[in-house]
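Reader: I have a structure open on my screen and would like to talk it through slowly. Could you help me find my way around?

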Amino acid sequence: MLTGKQRRFLRAMGTGIDPIIFIGKSGLVDALVQQLDEALEARELVKVRVIPNSPVSPEDVADQLAKQVGAELVQIIGRNLLFFRQSKKKPTIVLPG
């Protein structure tokens, strides 16, 4: 679990990154979950966007995605979701105390 201070730190980092994964009209599929898992291992902090024609809402899919990939949901802003998971191989983000 992330503390409030850690969430603020990650939210600040997240403002500078663009979404790299998009949830479209296919909704939540296994390939998308796999892609998010790999992106989290490589980058640790990943922004996901739910496009308007998607059958799922950002709130509905956020917790489900976090559980499937073992990540923390940092924030939801509009249709953007921000996920964090420490890399097992090469951790680069050092969370504050």
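This is a predicted model: local features need pLDDT of at least 70, side-chain atom pairs count only at pLDDT 80 or more; totals for chains, interfaces and linings use all residues.

Reader: How many bridges join β3 to β4, and do they run parallel or antiparallel?

Author: Five bridges join β3 to β4, which covers residues 80–84, and the two strands run antiparallel. Within this pairing, Glu-72 stands opposite Phe-84 in β4.

Reader: And what holds strands together in general?

Author: Strands of a sheet pair through backbone hydrogen bonds, and the pairing can be either parallel or antiparallel.

Reader: Changing topic: how many salt bridges does a search of the whole structure find?

Author: The search finds three salt bridges. One of them is between the side chains of Arg-7 and Glu-72, at 3.7 Å from N to O. Because Arg-7 lies in helix α1 and Glu-72 in strand β3, this pair ties together parts that are 65 residues apart in sequence. Glu-72 itself is partly exposed, with a relative accessible area of 21%.

Reader: What about Asp-37, which residue does its side chain meet?

Author: The side chain of Asp-37 meets that of Arg-85 in a salt bridge, 2.5 Å from N to O. Asp-37 belongs to helix α2 (residues 30–43), while Arg-85 is in the segment after β4, so the two are 48 residues apart and the pair links distant parts of the chain.

Reader: Is Arg-85 buried or exposed?

Author: Arg-85 is buried, because its relative accessible area of 9% falls under the 20% limit. Arg-85 also forms a salt bridge with Glu-41, where the closest N and O atoms are 3.9 Å apart.

Reader: Last one: where is Lys-88?

Author: Lys-88 is in the segment after β4, and with 69% relative accessibility it counts as exposed. Between Lys-88 and Glu-59 there are 27 Å in space, C-alpha to C-alpha, and the two are 29 residues apart in sequence.

Notes
Residues are numbered from 1 along each chain as its sequence is written. Side-chain values use heavy atoms; hydrogens and water are left out. Two strands pair if DSSP finds at least two bridges between them. Helices (H or I, at least four residues) and strands (E, at least two) are DSSP runs, numbered from the N terminus. Buried means under 20% relative accessible area, exposed over 50%, partly exposed in between (1.4 Å probe, protein chains only). A salt bridge is a side-chain nitrogen of Lys or Arg within 4 Å of a carboxyl oxygen of Asp or Glu.
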